[in-house]
Amino acid sequence: MATMAECRSALDKLSDNLATADGDVRGAAALDRSLSCHIKDLDITFTGRLADGRIQVQDTVEGPPREKAEIRLAMTSDDLVALVDGDLNFAKAWASGRVRLEAGFRDLLKLRSLL
């Protein structure tokens, strides 16, 4: 099981990857939306925004998200680290239920390029 610090580091790395992306990925990351990432095995939630092509983590709270973000992710700590490191395919993890992504229909269409 990854630690809270390793999860935060993975989110920072993902943010850096999005910021340097181009093409369709850059367009998808250009959304301005509230974001939450619930780490199920640690029972913590990182909250913040996807804005200006970056993930901006603003807070970490215990338990599930207190407010409904516009883009919501849920997964285990190890899956978050594996996704960011490229060891786990997001589309396969999402299809199998290992990773949960919830957003509005238009946002999901835009975010599909990240898959």
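Student: In which sense do strand 2 and strand 3 pair, and over how many bridges?
Tutor: The pairing of strand 2 with strand 3 is antiparallel and runs over eight bridges. Two strands count as paired if DSSP finds at least two bridges between them. Strands (E, at least two residues) and helices (H or I, at least four) are DSSP runs numbered from the N terminus.

Student: What kind of model is this?
Tutor: This is a predicted model, in which local features need pLDDT of at least 70 and side-chain atom pairs count only at pLDDT 80 or more, while totals for chains, interfaces and linings use all residues. Residues are numbered from 1 along each chain as its sequence is written, and side-chain values use heavy atoms, with hydrogens and water left out.

Student: Back to the pair. What stands opposite Arg 49 in strand 3?
Tutor: Gln 56 of strand 3 is the residue opposite Arg 49.

Student: And how many residues lie between strand 2 and strand 3 in their hairpin?
Tutor: Two residues separate the strands of that hairpin.

Student: Is Asp 52 buried or exposed?
Tutor: Asp 52 has 67% relative accessibility, so it counts as exposed. The cut-offs, taken with a 1.4 Å probe on protein chains only, are under 20% relative accessible area for buried, over 50% for exposed, and in between for partly exposed.

Student: What about Gly 53: where does it lie, and is it buried or exposed?
Tutor: Gly 53 belongs to the loop between strand 2 and strand 3, as Asp 52 does. Because its relative accessibility is 2%, Gly 53 counts as buried.

Student: How far apart are Gly 53 and Asp 16?
Tutor: In sequence, Gly 53 and Asp 16 are 37 residues apart; in space, their C-alpha atoms are 8.9 Å apart.

Student: Let us move to the other side of strand 2. How does strand 1 pair with it?
Tutor: Strand 1 and strand 2 are antiparallel as well, joined over seven bridges. Within this pair, Ser 34 faces Arg 49 of strand 2.

Student: How many residues lie between strand 1 and strand 2, and which residue in the turn has a positive phi?
Tutor: There are four residues between the two strands of this hairpin, and Asp 43 in the turn has the positive phi, about 50°. Asp 43 is a residue other than glycine and sits in the loop between strand 1 and strand 2. It counts as partly exposed because its relative accessibility is 40%.

Student: Why is strand 2 described as largely enclosed?
Tutor: Six of the eight residues of strand 2 are buried, so the rest of the structure largely encloses this strand.

Student: What is the strand order of the sheet?
Tutor: The sheet is open and has five strands in the order 3-2-1-4-5, with mixed pairing. Strand 3 and strand 5 (100–103) are its edge strands, each pairing on one side only. On average, neighbouring strands are turned by 20° against each other, direction ignored.

Student: Where does a parallel pair occur?
Tutor: Strand 1 and strand 4 run parallel, joined by five bridges. Cys 37 stands opposite Leu 73 of strand 4 in this pair.

Student: Which strands does helix 1 touch?
Tutor: Helix 1 packs on the sheet and touches strand 1, strand 2 and strand 3, its direction making about 160° with that of strand 3. Axes are lines fitted to C-alpha atoms, for helices over the stretch in contact, and angles run from 0 to 180 degrees between N-to-C directions; contact means heavy atoms within 4.5 Å.

Student: And where does helix 3 lie?
Tutor: Helix 3 lies across strand 1 and strand 4, and it runs at about 110° to strand 4.

Student: Which residues of helix 3 are buried, and what do they pack against?
Tutor: In helix 3 (residues 77–85), the buried residues are Ser 77, Asp 79, Leu 80, Ala 82, Leu 83 and Val 84. Their packing partners are helix 1 (4–20), strand 1, strand 4 (71–75) and helix 4 (90–96).

Student: What follows helix 3?
Tutor: Gly 86 follows helix 3, and its phi is positive, near 85°.
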